[in-house]
Amino acid sequence: MNISTGAVRRPQRRSNEQRSAEMRTALIEGSIASLCELGYAHTTTQEICRRAGVTSGAIQHHFGSKDALLARVEAETERGRERHDAVDAADPFAAGFLDE
């Protein structure tokens, strides 16, 4: 609240880009969780959306298809592996902690 005017400040609204990025992240994380727990055969679009807390149209809207979403998951996983490998190469002592 602004003391001089008594006006209540509202939180700034997130942009469309921010909301879309958050939605994509939720779908990717839901996919990874489902793949880890249930495997590929049981990772359905309904399960991914349930874990992400979104409606079933979100995959279609943000990725176009389940296959495109899973391709993005694979790319993100590969980037994570590359970062891990870079740490291994740069600091072998720290790499031992990451591998445990």
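The model is predicted, so local features need pLDDT of at least 70 and side-chain atom pairs count only at pLDDT 80 or more, while totals for chains, interfaces and linings use all residues. Residues are numbered from 1 along each chain as its sequence is written, and side-chain values use heavy atoms, with hydrogens and water left out.

Leu70 sits in helix α4, residues 66-90 (helices are DSSP runs of H or I, at least four residues, numbered from the N terminus). Show its surroundings: beyond neighbours within four places in sequence, Leu70 is in contact with Ser31, Leu35 and Tyr40 (contact means heavy atoms within 4.5 Å).

Next, select helix α1 (residues 16-38) and helix α2 (residues 45-52), which pack at an angle of about 120 degrees with axes 8 Å apart. Axes are lines fitted to C-alpha atoms, for helices over the stretch in contact, and angles run from 0 to 180 degrees between N-to-C directions.

Which residues of α1 and α2 meet? Ala26, Leu27, Gly30, Ser31, Ala33, Ser34, Glu37 and Leu38 in α1 meet Glu47, Ile48, Cys49, Arg51 and Ala52 in α2.

Finally, select two cysteines. Cys49 is buried, at 4% relative accessible area, whereas Cys36 is exposed, at 66%. The disulfide count is zero (a disulfide is a pair of cysteine sulfur atoms within 2.5 Å).

Definitions and conventions. Helices (H or I, at least four residues) and strands (E, at least two) are DSSP runs, numbered from the N terminus. Buried means under 20% relative accessible area, exposed over 50%, partly exposed in between (1.4 Å probe, protein chains only).
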